[in-house]
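Got the structure open and wondering where to start? Let's walk through it together, one question at a time.

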Amino acid sequence: MTNTPLLELKNLTTVFPTRRGLVRAVADVSLSLAQGELLGIVGESGCGKSVTMLSILRLISTPGRIAAGQALFQGRDLLKLSDGAMRQIRGKDIAMVFQDPLSTLNPAFPVGEQIRESLRIHHIAQNHFAREKERVIELMSEVGISSPTDRFHEYPHQFSGGMQQRALIAIALACEPKILLADEPTTSLDVTIQAQIMDLMRRINEARGTAIVLVTHNLDLAAEFCQRIAVMYAGRLVEIGTTDQVIETPQHPYTRGLLTCIPRISAQRTRIEPIPGNVPDLANVPPGCAFAERCSEMQPICQNDLIPFFEIAPGHLVRCLRHSSATPD
Amino acid sequence: MKAIKILERVLTTIPIMFGVAIIVFFFIRLTPGDPVDIMLGRSAAASQREIEQLRHQFHLDEPLHVQLGYFLGDALRGNLGYSYIRNKPVVDLLVERLPATIEMTIGALLISLIIALPIGILSAVRQNSLLDRLSMAGAFLGISMPGFWLGIVLILFFAVYLQILPAQGRISYDVELQEVTGLYVLDSLLTGNLPALKDSLLHLLLPSITLGAGVAAIIARVLRSSMLEVLRSDYVKLARAKGATEWDVVMKHALRNALIPTVTVVGLQVGVLLGGNMIVETVFSWPGLGRLVVDAIFNRDFPLIQGAVMIYAITFVLTNLVVDILYTYLNPKITL
Ligand SMILES: Nc1ncnc2c1ncn2[C@@H]1O[C@H](COP(=O)(O)OP(=O)(O)OP(=O)(O)O)[C@@H](O)[C@H]1O
Ligand SMILES: [Mg+2]
């Protein structure tokens with residue numbers, strides 16, 4: 001493994017001006033992704049996971065904007081690229097699977113055509129129709145769409161939700177990207193299909209060395225799939241570490257809260273304990289630790305200043321003052 | 001498969017036309033005013049005998065249901081009766097006047113699309129820009145401006161002041177054109193007559209703009225708002241995430257979907273255009289159906305009104321059919 005990570009976010013900050021004020025949907029997020037790595041980003045709904053992914057591809061629509069930070073892909077800052085250069089990267093080097101499969105395929109075009117478009121945009125099959133179509137059919141069967149030759153011409157509404165999600169994955173994989181940003185790829189699907197899709201992504205990772213960022217609010221799913229996990233709260237990262245570190249020895253009270261939220265029948269504990277309180281308004285995040293108001297271990301000092309990351313074990317970072325004896329990162 | 005469905009739809013228009021015919025028949029006869037009185041009104045001293053005679057000639061002395069019988073029976077044989085006033089078969093009158101109206105309606109529709117499509121798309125893509133604000137203010141004007149007023153202003157400016165465009169009629173007197181279809185632009189193309197093509201296009205320009213302005217405004221607004229909605233959709237984000245150019249994102253992924261509601265509105269506006277004809281034809285002395293109908297209404301020329309309304313109804317039904325067919329191409333979820 002090389003020293004430079006494949007993708008590195010440095011203090012990425014994305015804001016949306018709204019009537020309530022400036023919503024800091026992604027605040028000062030720093031994160032790295034190595035070649036072929038499986039990274040999970042977990043957090044409650046609205047904590048900024050999708051916006052982080054969209055920021056990487058520079059797909060934040062106005063009036064939202066990336067206010068600060070860097071997104072280094074192979075050492076080049078994506079945020080400084082020209083629009084044309086950015087388009088070359090979208091879909092080719094970094095591809096994204098969107099959150100809601102049912103609204104993400106264009107209803108007006110056949111599914112096969114939409115997969116083919118990815119190949120055409122990046123000249124994968126020399127813009128040769130027959131070759132492109134052949135590749136599309138290959139991709140469709142690879143992601144588990146049965147009788148792809150017939151389904152090539154079918155429209156999204158003729159596909160089930162699971163099949164639409166597979167088609168979206170096929171679109172994302174068409175150009176064999178180095179990074180796949182998978183935004184809740186299985187949330188709207190039933191458990192069996194969910195397992196199949198996760199299996200598919202794992203196979204892709206193994207076969208092609210594609211690095212995958214799995215965005216989910218399901219910590220269990222992330223634990224099962226990922227090598228490292230980043231926990232996000234109110235637009236900030238609060239804990240990052242290997243899956244073992246984060247799941248076995250969670251250090252941030254929020255991460256622990258998330259873990260107790262998951263019903264575990266095996267541990268004779270079926271009661272779900274929700275974290276008390278509400279996520280703060282992202283237009284009005286209090287100073288200090290954003291989680292302080294809901295934290296059972298809160299001390300007055302927590303609400304003063306922005307909490308830095310503390311490295312409590314190699315690669316295990318946590319933004320919590322209870323670890324202030326550890327070296328701040 | 002599709003051809004059979006289309007044929008089916010065409011056939012279902014027959015009972016619709018039948019219903020329209022009956023409704024029109026009764027409604028005209030409900031309006032106050034007696035055609036014979038109006039006809040004889042000019043020669044004040046018409047004798048009772050003359051009146052009776054005319055009534056009998058037009059079957060107006062018979063009970064309504066018998067009159068309806070005559071009308072429907074004749075209509076089935078393609079005979080829409082005789083105009084009371086003009087003393088000519090209604091069918092002949094309609095055939096004579098219809099092409100002028102069709103030509104102007106098509107002209108107005110094309111002009112409004114040429115204006116509305118780019119404006120609708122651009123003002124959505126550049127939402128809240130100066131261009132957007134100006135076009136939407138323009139659209140507001142376009143909707144609120146009465147057709148006759150715009151027509152007169154255009155005539156004053158382009159025909160009277162600048163003297164670059166003709167103010168009335170379909171073609172200049174000194175330009176020869178051999179009629180084929182009655183649509184002068186088409187006829188000059190068919191006969192390869194360039195001077196006539198130029199002349200008829202110039203004549204068509206101001207009336208089409210006058211008639212099309214309001215429609216253009218409505219289409220532009222509808223297109224803009226559906227483009228705005230579509231541009232926010234996930235599938236447009238996906239297109240961008242694939243690396244598609246802005247042109248493809250807008251003109252292919254977004255426009256294709258934004259056209260679906262727009263086509264419905266365009267279809268409905270054809271009806272508005274047909275209605276607007278009556279005024280614009282009068283302003284530009286355009287020898288079309290609209291003026292004929294206005295005359296017919298004033299004179300209670302029952303057969304002519306009936307015939308003209310049937311033409312309007314057929315046009316409306318056919319437009320709807322075209323819209324429905326277009327729909328199946330734009331929206332794969334819908335089949336005929
Ligand atoms: N276009 C926008 N305008 C204003 N605020 C926005 C916009 N898009 C996102 N936000 C805000 O940014 C925050 C983060 O949104 P994001 O979609 O990233 O959440 P998420 O973590 O993906 O949640 P979920 O699990 O529900 O998908 C939310 O509070 C949301 O209100
Ligand atoms: Mg999301």
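Predicted model: local features only at pLDDT ≥ 70, side-chain atom pairs only at ≥ 80, totals over all residues.

Q: What is the order of the strands in the open sheet of eight strands in chain A?
A: This sheet is open, and its pairing is mixed. From one strand to the next, the twist averages 20°. Reading across chain A, the order is β6-β7-β8-β3-β9-β10-β12-β11.

Q: Which strands of chain A stand at the edges of that sheet, each with a single partner strand?
A: A strand with a single partner has one side left without a neighbour in the sheet, so we look for strands like that.

Q: In β12(A), which residue is the bridge partner of A:Phe310?
A: Start with the strands: β11(A) pairs with strand β12 (residues 316-318) of chain A in the antiparallel sense, over three bridges. Look in β12(A) for the partner of A:Phe310, and you land on A:Val318.

Q: Which residue in β8(A) stands opposite A:Val42?
A: β3(A) and β8(A) run in the parallel sense and pair over five bridges. In β8(A), the residue opposite A:Val42 is A:Thr216.

Q: And which residue in β8(A) is the bridge partner of A:Ala182?
A: β7(A) is also joined to β8(A), with five bridges and a parallel run. For A:Ala182, the bridge partner in β8(A) is A:Leu214.

Q: At about what angle does α1(A) run to β8(A)?
A: Helix α1(A) lies across several strands: β3 (38-42), β6, β7 (179-183), β8 (211-216) and β9 (228-233) of chain A. Helix α7 (residues 161-173) of chain A packs on the sheet too, touching β6 and β7 of chain A, and its direction makes about 175° with that of β6(A). For α1(A) and β8(A), the angle is about 150°.

Q: What is the strand order in the open sheet of four strands in chain A?
A: The pairing here is antiparallel. The edge strands are β2 (21-33) and β5 (76-77) of chain A, each pairing on one side only. Put together, the order in chain A is β2-β1-β4-β5.

Q: Which residue in β2(A) is the bridge partner of A:Pro17?
A: Strand β1 (residues 7-18) of chain A pairs with β2(A) in the antiparallel sense over nine bridges. Look up A:Pro17, and its bridge partner in β2(A) is A:Leu22.

Q: With which side chain does the side chain of A:Arg116 make a polar contact?
A: A:Arg116 sits in helix α4 (residues 111-121) of chain A, and it counts as buried because its relative accessibility is 12%, under the 20% cut-off. Not counting residues up to four places away in sequence, A:Arg116 touches A:Phe129, A:Glu132, A:Val136 and A:Phe152. The polar contact, at 2.4 Å, is with the side chain of A:Glu132.

Q: Is the ring pair of B:Phe25 and B:Phe26 stacked or edge-to-face?
A: B:Phe25 is buried at 0% relative accessible area, whereas B:Phe26 is partly exposed at 32%. Their ring centres are 5.2 Å apart. The planes are at 90°, so the pair is edge-to-face.

Methods: Residues numbered from 1 in each chain as written. Chains lettered and ligands numbered in written order. Heavy atoms only, no water. Pairing = 2+ DSSP bridges. Helix = DSSP H or I, 4+ residues; strand = E, 2+ residues; numbered from the N terminus. Buried < 20%, exposed > 50% of the residue type's maximum accessible area, 1.4 Å probe, protein only. Polar contact = N/O pair within 3.5 Å; in protein donor to acceptor, adjacent residues only side chain to side chain. Contact = heavy atoms within 4.5 Å. Phe/Tyr/Trp six-rings, centres within 6.5 Å; stacked < 30°, edge-to-face > 60°. Axes fitted to C-alpha atoms, helices over the stretch in contact; angles between N-to-C directions.
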